[in-house]
Amino acid sequence: MTEWLNVILQGVLIGGLYAMFAAGLSLIFGVMRLVNIAHGDLIVLAAYVALMVTQTLGLDPLTSLLLVVPAMALIGYALQRLLLNRTLGDDLLPPLLVTFGLSIIIQNGLLELFTADSRKLQAGAIEVQTFQMMEGVWVGALPLIQFIVAVAVIAGLQMLFYRTALGRAFRATSDDQAVAQLMGLDTRHVFAMAMALSLAVVAIAGVFLAVRANFDPSIGPARLIFGFEAVIIGGLGSMWGTLAGGVILGVSQAVGAQIDPGWQLLAGHLAFLAILAVRPQGLFPKVSG
Amino acid sequence: MASPLLDVRAIDAFYGDFQALFGVSLRVNAGEVVAVIGANGAGKSTLLKTIAGLMHPRGGDVLFGGEAIGNAAAFDVVRHGIALVPEGRRLFPSLTVEENLLIGGQSRRPGPWTLQRIYDLFPILAERRHLPSTSLSGGQQQMAAIGRALMSNPRLLLCDEISLGLAPIIVREIYARLPKIVAEGLSLIIVEQDIAQALKASAQVYCLQEGRIALQGAARELTRESISAAYFGV
């Protein structure tokens, strides 16, 4: 019994990471209908940026976020202004193709710079600290921190969307680009701010990914799939739905792995397919007015 | 004679290869209400879109306060002091009534219009401020769309078909507020299919026909016959 409780708890905690993969993806699609195929590779890029920061400055990974987050946000702003804004229009295909190309460029660029060797960020003693929640149920400090950060990120995004002028601009631009311009909103800037925000979240996700497990330049696309699955399970309605999607995916994978270690990914995909079959709009779809 | 606030000089506008406006000129003086009338497809909305920066003229230019704005982007035109109330209202459905108004004030131009002033002008909006904009009736949506445009404190307000799809009593109610808006020193361009309403509210009238100005003059001097001739092209 406690064994299963442990499994589910681990699944919930990893779900926080998946929710962070998904949040940036969902934000970009929501604001500008751009499907960012390079999202997973940008997560890996953030991990390598963190690797460089921790190695050159001797910071621990969590402190390195203070530099990695703004750096990725800046990259996001520039990427949108200089490249992706030019691909946006009535057709969904050009941005899809361009981000697909970007994905290949990032993977190969990282391969050139850092080789195909597996890397990992070392967070020190915190990596092995655990607490006993109840008799037989243990929780690691790092997964717990990761989950708390994920909840804070989701709550922060939700607040930004519904309580700030920037969030209002995101929602208005998403509703009607032409009229948003008539309100004095430069949509090119609004989109770039959205991408900056997306990559700020990517930075946090990338650092936690890199502390948790080994990474190399090729693992991006699989993270993209996890992100997509979490978004679609949760539905595009709210950021909290995205968190729920991440948690469901995480728990499914953990349960699958418990039954048979080879079933971890399969179980996640099956849960995703099952929800897609029963509720194609996701669990928390956008309420249409 | 003082130079006009808005001076549209012989503009040509296109949708792809299709020419929608042919050398259209129009002037609006400070504090003046100008009506643009014409049949469906005559180019009225195109004219407003070109002034607002959603489209750019291929020939001619648009001068506002003496400055050429023909090639300025829409978000920049707002900052110059031109606001458009678009055809069909087009409130942001994801935003509440108040958020719709606030986003109109995004450009932060200084001026008399504040949230409170908009609520004084249209009290029903104050009651519904926290509701989704989609919950408003057509007339209330039109009030919100006008309020949203006013929040940018424009010097010139462009109104595209504000009577479209609304009951006559609602249309009269909305038109009854226009003098209060003009009293704040604004100029107005009203695009209308409801000719009687347009003539009553305006000083100058331009009639568009197939992308050309077919008639222009002071509202009180134009005869029914000349208007219907220009309107229908007979």
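This is a predicted model: local features need pLDDT of at least 70, side-chain atom pairs count only at pLDDT 80 or more; totals for chains, interfaces and linings use all residues.

Trainee: OK, helices. At what angle do helix 9 and helix 11 of chain A pack?
Mentor: Helix 9 (residues 220-234) and helix 11 (residues 264-278) of chain A pack at about 30°, and their axes are 10 Å apart. Helices here are DSSP runs of H or I with at least four residues, strands are E runs of at least two, and both are numbered from the N terminus. Axes are lines fitted to C-alpha atoms, for helices over the stretch in contact, with angles from 0 to 180 degrees between N-to-C directions.

Trainee: Parallel or perpendicular, then?
Mentor: Helix 9 and helix 11 of chain A are therefore roughly parallel to each other. The label is set by cut-offs: under 35 degrees is roughly parallel, over 145 roughly antiparallel, 65 to 115 roughly perpendicular, and the rest oblique.

Trainee: Which residues make that contact?
Mentor: Helix 9 of chain A brings residues including Ile225(A), Phe226(A) and Glu229(A), while helix 11 of chain A brings Leu265(A), Gly268(A) and His269(A), among them. Contact means heavy atoms within 4.5 Å. By class, the contact has eight nonpolar, two polar and one charged residues. In that scheme Ala, Val, Leu, Ile, Met, Phe, Trp, Tyr, Cys and Pro are nonpolar, Asp, Glu, Lys and Arg are charged, and the others, Gly among them, are polar.

Trainee: And helix 6 of chain A with helix 3 of chain B, how far apart are their axes?
Mentor: The axes of helix 6 (residues 165-175) of chain A and helix 3 (residues 97-104) of chain B are 11 Å apart, at an angle of about 100°. The two helices are therefore roughly perpendicular to each other. Arg168(A), Ala169(A), Arg171(A) and Ala172(A) meet Glu99(B), Leu102(B) and Ile103(B) there.

Trainee: Which side chains meet in a salt bridge?
Mentor: Arg171(A) and Glu99(B) do, at 2.6 Å from N to O. That pair crosses between chains, from helix 6 of chain A to helix 3 of chain B. A salt bridge is a side-chain nitrogen of Lys or Arg within 4 Å of a carboxyl oxygen of Asp or Glu. The structure holds ten salt bridges over all chains.

Trainee: New topic: what's the strand order in the open sheet of chain B?
Mentor: The order is 2-1-4-5, four strands with antiparallel pairing. Two strands pair if DSSP finds at least two bridges between them. Strand 2 (18-28) and strand 5 (67-68) of chain B each have a single partner strand, so one side of each is left without a neighbour in the sheet.

Trainee: How many bridges join strand 1 of chain B to strand 4?
Mentor: Five, with strand 4 spanning residues 59-64. One of the pairs there is Arg9(B) with Asp61(B). Strand 1 (residues 6-15) of chain B also pairs with strand 2 of chain B over seven bridges.

Trainee: Where is the positive phi in the hairpin of strand 4 and strand 5 of chain B?
Mentor: At Gly65(B), near 60°, in a hairpin with two residues between the strands.

Key. Residues are numbered from 1 along each chain as its sequence is written. Chains are lettered from A and ligands numbered from 1 in the order in which they are written. Side-chain values use heavy atoms; hydrogens and water are left out.
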